[in-house]
Amino acid sequence: MKKENKVKVIAQLGEVIKEYAHFYLVDVTAMDSASTNAMRAKCFKAGVKMLVVKNTLLYKALEAAEVDFSPLYPCLKGTTALLLCDTANVPAKLIKDVAGKAEIPALKAAYAEESFYVGANQLDALIHIKSKNELIAEVVALLQSPIKNVVSALQSGGNTIHGVLQTLSER
């Protein structure tokens, strides 16, 4: 590959990384072309962009980024696929679903919710990450809960008092 082409690829990788909030580095060394294509199809259905990239080009793209991705540099060995998405836990669930018992593909590292997760043992932690919108929804539900309790108590209390007064007036 000519140097001009490499520079273009590095710039394109940098733009793609900026476009998505989260990305995963996955080891696909042991996957054949059929299983890789099946994984691409599942990624497409889940809204995850999958790119198989050269480690040196990805290294240079990460190095040129505004964020310091240095914790991910040691993971750039072997055959690497880049999974990009806007929801942090979707690729983790996808990897677990596709991997099953074979442990292929294996998670190398991830950059999710502005944190670094290095190693295959971080997959379960990534699966349980909640997105910003999910956390906001939980907080709103918690804030609404006491108000709902007060309103329902006032409504049921009014019905109880009305029932007692009606029974007393009939006697």
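Me: Is Asn-55 buried or exposed?
Reply: Start with the scale. Buried means under 20% relative accessible area, exposed means over 50%, and partly exposed is in between (1.4 Å probe, protein chains only). Asn-55 has a relative accessible area of 15%, so Asn-55 is buried. Keep in mind that this is a predicted model: local features need pLDDT of at least 70, side-chain atom pairs count only at pLDDT 80 or more, and totals for chains, interfaces and linings use all residues. Residues are numbered from 1 along each chain as its sequence is written, and side-chain values use heavy atoms, with hydrogens and water left out.

Me: Where does Asn-55 lie?
Reply: Helices (H or I, at least four residues) and strands (E, at least two) are DSSP runs, numbered from the N terminus. Asn-55 lies in helix α3, residues 55-64.

Me: Which residues is Asn-55 in contact with, leaving aside its neighbours within four places in sequence?
Reply: Contact means heavy atoms within 4.5 Å. For Asn-55, with those neighbours set aside, the list is Leu-76, Lys-77, Gly-78 and Thr-80. The Asn-55 side chain also reaches the backbone oxygen of Gly-78, at 2.7 Å.

Me: How many salt bridges does a search of the whole structure find?
Reply: A salt bridge is a side-chain nitrogen of Lys or Arg within 4 Å of a carboxyl oxygen of Asp or Glu. The search finds three. Take Lys-42 and Asp-97, whose side chains meet at 3.9 Å, N to O. Lys-42 sits in helix α2 (residues 33-46) and Asp-97 in helix α4 (residues 90-99), so this pair ties together parts 55 residues apart in sequence. Lys-42 is partly exposed at 37%. Asp-97 is exposed at 53%.

Me: What about Lys-96 and Asp-124?
Reply: Their side chains meet in a salt bridge at 3.1 Å, N to O. Lys-96 belongs to helix α4 and Asp-124 to helix α5 (residues 123-127), so the pair links parts that are 28 residues apart in sequence. Lys-96 is partly exposed, at 44% relative accessibility. Asp-124 is partly exposed too, at 42%.

Me: Which residue forms a salt bridge with Lys-130?
Reply: Glu-138 does, with the closest N and O atoms 2.5 Å apart. Lys-130 is partly exposed, at 38%. Glu-138 counts as partly exposed, at 37%.

Terms used: A polar contact is a pair of N or O atoms within 3.5 Å; within protein, one must be able to donate a hydrogen and the other to accept it, and residues adjacent in sequence count only if both atoms are side-chain atoms.
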